[in-house]
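Visitor: I have not seen this structure before. Could you take me through it by question and answer?

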Amino acid sequence: MSSPKSFQEKNISTRALISGLWSHLNKRRKRQLFLLLFIMLSSALAELVSLASVVPFLAILTNPEIVWSNENIQRVLLFMGFNAKQNLLIPITICFCLCIVISAFIRLFNIWLYGRVAALIGSDFSCEVFRRNLYQPYSVHISRNSSELIAASTSQINLTVIALNLALQLISSSLIVIVLIFGFFLINKTAAILSLLIF
């Protein structure tokens, strides 16, 4: 079992690593990471909308009278040309399917984007490592083992990309969980607490 001191040292080294990584990113990559954070939040909200729409959709399928009894919704539906509750099945199904498809598209785009950003950052680091090694004095080149350079520019960079990809995936998943919990608490506190306890 690790002592509090070793845990603190690991925590400091992790912060130092993240800080060092951030300081070596160029302005374009930093902007891309902020954009990625916005896409992650959009993906989380889309997940919330798609999951929250399941219960109303099933309720409307089993009892369309619920929608038709609401005067405001009835006015909108009449304006759109739906003059009977029996005609609601197709448009509501289409809206629900569109909601699910858009949510899935945003999620896939999010996964593709954080994989691409991690790969671009790895490419930047690889080019920077190669450039710095290339411009070292001749005395350094003849004294250094070439396997060190190969290891730094290939395996170490690859490990950095994998770690960054996993970190971005963790941030994205955490955002989705936070937004879903917050959303379900707003909709129904009792059901949200029971769901959390069950999970």
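Visitor: Which helix holds serine 172?
Guide: This is a predicted model, and what follows is computed from it. In this model serine 172 has contacts beyond its neighbours within four places in sequence, namely with Met40, Arg107, Asn110 and Tyr114. The helix that serine 172 lies in is α9.

Visitor: Is serine 172 buried or exposed?
Guide: The relative accessible area of serine 172 is 1%. A residue under 20% counts as buried. Serine 172 is therefore buried.

Visitor: What percentage of the residues in the protein chain are buried?
Guide: The accessible surface of the chain is about 14300 Å², and 70% of that surface belongs to carbon and sulfur atoms. The chain has 199 residues, and the buried share of them is 24%.

Visitor: Which element gives the largest share of the largest nonpolar core?
Guide: This core has 16 residues, and those that touch the most other members are Leu33, Leu36, Met40, Ile121 and Leu168. Two or more residues each come from α2 (27-52), α6 and α9 (155-187). The largest share is six residues, and the element that gives them is α6.

Visitor: How far apart are the C-alpha atoms of leucine 33 and leucine 168?
Guide: Leucine 33 is in helix α2 and is buried, at 16% relative accessible area. Leaving aside neighbours within four places, leucine 33 is in contact with Trp22, Leu25, Val117, Ile121 and Leu168. Leucine 168, with residues up to four places away not counted, touches Leu33, Leu36, Met40, Tyr114 and Ala118. Leucine 33 and leucine 168 are 135 residues apart along the chain, and their C-alpha atoms are separated by 9.4 Å.

Visitor: Among contacts between residues at least 6 apart in sequence, what percentage join residues at least 24 apart?
Guide: A contact here means heavy atoms within 4.5 Å. For the protein chain, the share of these contacts that join residues at least 24 apart is 74%.

Visitor: Which residue meets arginine 29 in a salt bridge?
Guide: The structure holds two salt bridges. In the one with arginine 29, the N to O distance is 2.6 Å. This pair links distant parts of the chain, 95 residues apart, from helix α2 to helix α6. The partner of arginine 29 is aspartate 124.

Visitor: How do arginine 29 and aspartate 124 count: buried, partly exposed or exposed?
Guide: Arginine 29 has a relative accessible area of 8%, so it is buried. Aspartate 124 stands at 25% relative accessibility, and so it counts as partly exposed.

Visitor: What separates arginine 131 and glutamate 128 along helix α6?
Guide: These two form a salt bridge, with their closest N and O atoms 2.7 Å apart. Arginine 131 is partly exposed at 41% relative accessible area, and glutamate 128 is partly exposed at 27%. Because they are three residues apart in helix α6, their separation is about one helical turn.

Visitor: How many disulfides are there?
Guide: A disulfide is a covalent bond between the sulfur atoms of two cysteines. The cut-off used here is 2.5 Å between the sulfur atoms. The sulfur of cysteine 95, an exposed residue at 52% relative accessible area, has its closest cysteine sulfur in cysteine 99, and at 9.0 Å this is too far for a bond. The number of disulfides is zero.

Visitor: Which element supplies the largest share of the nonpolar surface patch?
Guide: The patch is about 670 Å² and is made by Leu58, Leu61, Leu89, Ile90, Ile94, Leu98 and Ile102. At least two of its residues come from each of α3 (54-62) and α6 (89-134). The largest share is five residues, supplied by α6.

Visitor: Is isoleucine 90 buried or exposed?
Guide: Isoleucine 90 lies in helix α6 and is one of the residues of the nonpolar patch. Its relative accessibility is 62%, and a residue over 50% is exposed. Isoleucine 90 therefore counts as exposed.

Terms used. Residues numbered from 1 in each chain as written. Predicted model: local features only at pLDDT ≥ 70, side-chain atom pairs only at ≥ 80, totals over all residues. Heavy atoms only, no water. Patch = residues over 30% accessible without salt bridge, like charges linked within 9 Å, V, L, I, M, F, W, Y side chains within 5 Å. Areas by Shrake-Rupley, 256 points an atom, 1.4 Å probe, with all protein chains shown as cover. Salt bridge = Lys/Arg side-chain N within 4 Å of Asp/Glu carboxyl O. Helix = DSSP H or I, 4+ residues; strand = E, 2+ residues; numbered from the N terminus. Buried < 20%, exposed > 50% of the residue type's maximum accessible area, 1.4 Å probe, protein only. Core = buried A, V, L, I, M, F, W, Y, C linked by side-chain atoms within 4.5 Å.
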